[in-house]
Amino acid sequence: MRIAIVTDSTAYLNEQEYKEGNIHFVPLSCIFGKKVYKEEIDMTTDEFFEKVREAEQLPTSSQPTVGDFTALYESLQDDYDAIISIHLSSRISGTFQNALSVAKSIQGISVHPVDSGLAGAGLAFQVKEAARMAKLGKSVNDIIERMEELKSETEIYFVVDDLTNLIKGGRLSKTAGGVATLLRIKPVLTMRAGEIIPFDKIRTKKKAVRKMESVFEESVKNSHFPIQATVVHAYCEEEAREFMASLEEKYPTVRFNFSFLGPVVGVHTGEGAIGMSWTKDYSRM
């Protein structure tokens, strides 16, 4: 069976990963005033953060439309027998629901939407593993089962410089975020059951990043299987690359990747966020 792998732009894969995995995506959008920009199509990440610095009002974000999904799915009908469509957590975006809506009505190809329960690098792990399995000729059921395994096995932690955007955008509760803002701390945030929640309250960004690493260190020590990890950043590449270089030196058994937080996630994290995600590395098992 020829299986197409679809995701959305918040997986933040690079051009090579899309090409090598034969992965397709629908873009989410960021909105400045009345102007809508599709991320990775109309606006680069660098352009976005530069524009935010100059903007009087914070931008907002929006999910792909039913029409976006319909157009992409229909374009794949001639070359594939089925589509597995993997998207960021339904608890923080309506993207998955729109994919599900189109999947129920589209004719000519079977579409299987998957709620990753994650975002960014966590979503990317599922997408790349699905693409690898599709190339190996695995069935739709086998791939979806693996996605569920990865959902429960993947950890995401990140540190933001300012919680204002996350709270205003409804991605973090006012109760959880308000205390941190008041005390001017740098909380370590994580994702649980598809939602963003505080993990620990730290006074400085440097200590918060160190805390994130200590959680990772415990996972590596206690793991009985190969681990892959991704370091991500929101427009603070040099700082993030230094962090990853230190991790690579300390944890030589881990396969590391480097990624970024683009406009749609960057709307909420703000500039300067650093995070990391890790999970099982099935390609080495």
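**View 1. Helix α2 and the elements that cover its buried residues.** In this predicted model, the elements that cover the buried residues of helix α2 include strand β3 and helix α11, the latter spanning residues 263-269. The buried residues of α2 are T45, F48 and F49. Around the helix axis they cover an arc of only 90 degrees, which puts them on the same side of α2. F49 has a relative accessibility of 2%, and because buried means under 20%, this residue falls within that class.

**View 2. The stacked pair of F49 and Y235.** Among the twelve aromatic pairs that the structure holds, the one formed by F49 and Y235 is stacked, with 5.3 Å from centre to centre and 10 degrees between the planes. The pair links distant parts of the chain, since F49 belongs to helix α2 (residues 45-54) while Y235 lies in the loop between β11 (227-233) and α10 (237-250), 186 residues apart. Whereas F49 counts as buried, Y235 is partly exposed, with a relative accessible area of 23%.

View 3. F216 and Y251 form an edge-to-face aromatic pair, in which the centres are 5.1 Å apart and the planes stand at 80 degrees. This pair also links distant parts of the chain: F216 is in helix α9 (residues 205-222), and Y251 is in the loop between α10 and β12 (255-258), 35 residues apart. Both F216 and Y251 are buried. The two residues belong to one aromatic cluster, which is formed by Y157, F199, F216, Y251, F256 and W278.

**View 4. Two arginines placed over aromatic rings.** The charged end of R146 sits over the ring of Y282, at 3.9 Å from the centre of that ring. In the second case, R241 lies over the face of F258, and here the distance to the ring centre is 3.9 Å.

**View 5. The open sheet of four parallel strands.** Four strands form an open sheet in the order β2-β1-β6-β7, and their pairing is parallel. The edges are taken by β2 (23-26) and β7, each of which has a single partner strand, so one side of each is left without a neighbour in the sheet. On average, and with direction ignored, neighbouring strands of this sheet are turned by 25 degrees against each other. Between β1 and β2, which run parallel, there are four bridges, and the bridge partner of V6 in β2 is H24. Helix α5 (residues 120-135) lies across β1, β2, β6 and β7, and runs at about 170 degrees to β1.

**View 6. The buried face of helix α4.** In helix α4 (residues 95-105), the buried residues are T95, F96, N98, A99, V102 and A103. When the helix is seen down its axis, these residues fall within an arc of 160 degrees, so they line one face of α4. They pack against the strands β1 (3-8), β6 (82-87) and β7 (110-115), and against helix α3 (66-75).

**View 7. The open sheet of three antiparallel strands.** A further open sheet is made of three strands in the order β4-β3-β5, with antiparallel pairing. Its edge strands are β4 (35-38) and β5 (60-62), each of which pairs on one side only, and the twist from one strand to the next averages 30 degrees. Strand β3 (residues 29-32) and β4 run antiparallel and are joined by four bridges; in β4, the bridge partner of C30 is Y37.

**View 8. Strand β8 and its two antiparallel partners.** Four of the five residues of strand β8 (residues 155-159) are buried, so this strand is largely enclosed by the rest of the structure. Five bridges join β8 to strand β13 (residues 274-280), and these two strands run antiparallel. The pairing of β8 with strand β9 (residues 188-192) is likewise antiparallel and extends over three bridges. Y157 takes part in both pairings, for it stands opposite M276 in β13 and has T190 as its bridge partner in β9. Y157 is also a member of the aromatic cluster that includes F216 and Y251.

Technical notes:
Residues numbered from 1 in each chain as written. Predicted model: local features only at pLDDT ≥ 70, side-chain atom pairs only at ≥ 80, totals over all residues. Heavy atoms only, no water. Buried < 20%, exposed > 50% of the residue type's maximum accessible area, 1.4 Å probe, protein only. Arc of directions from axis to C-beta. Contact = heavy atoms within 4.5 Å. Pairing = 2+ DSSP bridges. Axes fitted to C-alpha atoms, helices over the stretch in contact; angles between N-to-C directions. Phe/Tyr/Trp six-rings, centres within 6.5 Å; stacked < 30°, edge-to-face > 60°. Lys NZ or Arg CZ within 6 Å of the ring centre and 35° of its normal.
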